[in-house]
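My notes follow in the order I took them.

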Amino acid sequence: MTKRNLAIATVALLIANFMGGLDATIVNTALPAIMSDLNGIRLVGWISSAFLLGTAVTTVLWGRVGEIFGNKRVFQFSVALFILSSLLGGVSTSMVMLVIARALMGIGAGGMVSIPFIIYADIYPNPAQRARALGWVTAFYTLSTVVGPLIGGWLVDALSWHWVFLINLPIGIVSMVLLQVTYKDAGASTRRHGFDYVGAGLLSVALVVLLFASDGLAISLTRSLSLLIVGLIILAIFLWVEAHQEHALIPMRLLRNPRVQVQNVIMFLINGFMIGYSVYAPMWAQGLLGKNATMGGLTQIASSILLLVGTRLTANLMVKLPYKRIVMFGTLSVMLSALAMALATRSAPYWWLIVSGAFEGLGMGLAFTPMQVSLQDGVEKDLISVSTTFGLLFRTLGQTFMAAIFGAVLSLSTATQAVGTRGRITTEMINKLSNANTAGELPQQLIPAMRTILFNGLHTIMLVGFGLVVVSFILNWVRREPVKQPR
């Protein structure tokens, strides 16, 4: 492979990485406009949950598919699925249609995120060169999270929310074409690898059922509890199967390591608050403060920048301090962010959201890297890969389940309060209030009351998020560091 082709192939993979990171922030910026246009306050949490669930369930499966059909072909298929489902999202005329599109986008993103790391290992056999390439991956992802809110806000204000999905089409096509003309992989593998298809299926079904149980809180507590029981039963069957499976998807040795698994629980909880801030801070800025979509998106900028700063600081701190202490600083910073949002009043200034986001981003940057390294160093060599993947699954599930729960909390809160107005205020009006472009259509004399209803729902979400972070801080305080395994 020539240096020119190597550089272009790397750029092709980085473009896909940029597109995946862009989706994480650009869609959140457009949520108020989507909610208003499609009358979607009931399903707004599913826009994030469906995407994250699709990613979480398929990330660990795409690698096996790549072994069978070839990594290049599978990567291009995953990108094609992502851009075609983006097109479906861009032309959606209902929330149900959009949620289906987001689930398909998540499935595509699972391969778009995981397969490049396998390709990097192929085109960069030298570990030092590969490390530099992976450094560019982090830089591109961070760049996408910084510019995402700006691009998303501008697209919503200047064009429409549909374009936050349609923009993926040209970006994805460029990535596919560049990789096609520069990279040639070994093709499909002739080796046979044991794969736990039964375990993968049971885990996928269990996660989907549990997600429906989380979302069902807004409709029926009985149905939600029933789904929870069913999901837990399927999960128990999955664990039984794994205990008797020669090629287990998740080996029992890994699950029986509490020093490692408590870190996954911490990451689940912190990511739960993070998705709450990412989704609802822009809505807070627009619905309560009357800002436009661009200003709503800018609430994420400080978080993205401080995330990069925190990551850079961690690299230096890890050679000087115990990992647990660095994580403590990180969780403390996230807890300050959550506390700021929990204490915020309806008239809290715009800069309050920015400062909260700064603490959230800094804490995330400090906490995740040392925990990720511990997930690898704290297990035997043959478990490094599955431990890394399992950690990624937990982080994604924290965002997935809490996005659904937060969406249910907001829907239930606003619906309950709207009933108390005896028809003067409806949930459709709250939908319009969350978007500055449509808030002007509402009766001005009712806007203060509507903002009170929206604030009460958002405040409840932030209180729940604060509770999650407090629990994560306590767990980190009492936990014991994993024992570093010999290599």
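Helices (H or I, at least four residues) and strands (E, at least two) are DSSP runs, numbered from the N terminus.

**Ground rules.** This is a predicted model, in which local features need pLDDT of at least 70 and side-chain atom pairs count only at pLDDT 80 or more, while totals for chains, interfaces and linings use all residues. Residues are numbered from 1 along each chain as its sequence is written, and side-chain values use heavy atoms, with hydrogens and water left out.

**Whole chain.** I found 19 helices and zero strands in the protein chain. Of its 487 residues, 54% are buried. Here buried means under 20% relative accessible area, exposed over 50%, and partly exposed in between (1.4 Å probe, protein chains only). I then looked up contacts, meaning heavy atoms within 4.5 Å. Among contacts with a separation of 6 or more, 83% join residues 24 or more positions apart. The chain exposes about 20,400 Å², and carbon and sulfur atoms supply 69% of that area. Accessible areas come from the Shrake-Rupley method with a 1.4 Å probe; for residues, only the protein chains shown count as cover.

**α11 and α14.** I took helix α11 (residues 258–287) with helix α14 (residues 323–343). Their axes come within 11 Å and cross at roughly 35 degrees. The crossing is left-handed, that is, the near helix is turned anticlockwise from the far one by less than a right angle; clockwise would be right-handed. From α11, the contact uses Ile266, Ile270, Phe273, Tyr277 and Trp284; from α14, Thr331, Val334, Ser337, Ala338 and Met341. By class I noted eight nonpolar, two polar and no charged residues. For the classes, Ala, Val, Leu, Ile, Met, Phe, Trp, Tyr, Cys and Pro count as nonpolar, Asp, Glu, Lys and Arg as charged, and the others, Gly among them, as polar.

**Gln261.** This residue also lies in α11. Is Gln261 buried or exposed? Gln261 counts as buried because its relative accessible area is 12%. Beyond its neighbours within four places in sequence, Gln261 is in contact with Leu254, Leu255 and Phe390.

**α13 and α15.** Next came helix α13 (residues 301–317) and helix α15 (residues 350–377). They pack at an angle of about 30 degrees, with axes 7 Å apart. This crossing is right-handed. On the α13 side, the contact residues include Gly310 and Leu313; on the α15 side, they include Gly357, Gly361 and Gly365. I noted eleven nonpolar, eight polar and one charged in this contact.

**α9.** Helix α9 (residues 221–243) has 23 residues and reaches 33 Å from first C-alpha to last, close to the 33 Å expected at 1.5 Å a residue. Its buried residues include Ile234, Phe238 and Val241. An α-helix has 3.6 residues a turn, so residues three or four places apart point the same way.

Val27 sits in helix α1 (residues 3–37). I count Val27 as buried because its relative accessible area is 2%. Val27 is in contact with Ile47, Arg102 and Phe165, leaving aside neighbours within four places in sequence. Val27 and Trp163 are 136 residues apart in sequence and 9.9 Å apart in space, C-alpha to C-alpha. Asp157 belongs to helix α5 (residues 127–158). Asp157 counts as partly exposed because its relative accessibility is 33%.

How values were computed: Axes fitted to C-alpha atoms, helices over the stretch in contact; angles between N-to-C directions. Expected span 1.5 Å × (residues − 1).
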